[in-house]
Amino acid sequence: MDGYTNYKLAKILVPVQDYRPYPTIVEREKWSEINRGIVSKWIHEAEHFMGMSWTDLSASLFMEYSINGSRSSYQDAHFHRRTALGTLVIAECLEDGGRFLNDIINGIWAICEESFWGIPAHNQQPHSDHLPLPDITNPIIDLFAGETAGLMAWTYYLLKPRLDQVSDVICNRIRYEVKRRIIEPFLTRNDFQWMGFESSKVNNWNPWCNSNCLTTVLLMEQDVEQRVQGVERVLRSLDTFLRSYHSDGGCDEGALYWGQAGGHYSSALNCCTVRVTDLLMFTITH
């Protein structure tokens, strides 16, 4: 972070209207160059989600964690939705025929209607106990709220021209939900422990959350000052993580978590390059 003042960041950041980390759906040349075997694989996967019923994530399902500690029922449904949406988005970008659009719009709408983009086990404000249900007036940025915002931001960026042909309400809804759930609390709050602003005790949550917050800010934030502020906060927060990391690059949370710690740190630093791989990896890992 040293040397990167807001003034300098404002000078070097690419304006949002010119930020093109990957071709959108209307920029067909690069999409058409993708190996046909890969294309067939993603189209085949997406066809499984056509006509999908986006089953409601009920309050009682959410409360299972606070009642009996069970995480699986809600989490399975939560991740299934996001896997479906990510797969459908990739398939539509590859094919550009419109046949996945209705299911994509249904997925966008269903996820926008969720009270919390995270999972019940993470539904906890700083310095408080876990809450049985989410408080929509006080958004929490956990690992998966951040990932969801990243998924929605990529969906917005890649498909906006096609979604707007259906209705501009769709992308406006994405912007509204991402702004209130992620961007605003990220810019205004210091008390999430993973940020490292009020405590130096950080773990894999720091780069994991920061990488998705950065993706979301860069792809979606229209206000120049808030865009700069978002990048500045990410860099400052990542510095806290880096200061806590071992010189050999090893992760004391275990080898598996290196990908979510050191790996996400590297991903955040490379956020100005091709990050559509995050969308691909999200659909694979969940």
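Guide: By class, the lining of the largest pocket has nine nonpolar, eleven polar and four charged residues, where Ala, Val, Leu, Ile, Met, Phe, Trp, Tyr, Cys and Pro count as nonpolar, Asp, Glu, Lys and Arg as charged, and the others, Gly among them, as polar. This is a predicted model, in which local features need pLDDT of at least 70 and side-chain atom pairs pLDDT 80 or more, while totals for chains, interfaces and linings use all residues. Residues are numbered from 1 along each chain as its sequence is written, and side-chain values use heavy atoms, without hydrogens and water.

A pocket is an open set of points on a 1 Å grid over the protein atoms alone, where a 1.4 Å probe fits with protein on both sides within 12 Å along at least five of seven lines, and lining residues have an atom within 4 Å of a point. The largest pocket holds about 480 Å³ of space, the volume being that filled by probe spheres set on the points, which are joined across faces, edges and corners. Of its 24 lining residues, P126, F192, Q193, W194 and W205 are the closest to the centre.

The C-alpha atoms of the chain fill a box of roughly 50 × 50 × 35 Å along the principal axes, and 50% of the 286 residues are buried, that is, under 20% relative accessible area with a 1.4 Å probe, protein chains only.
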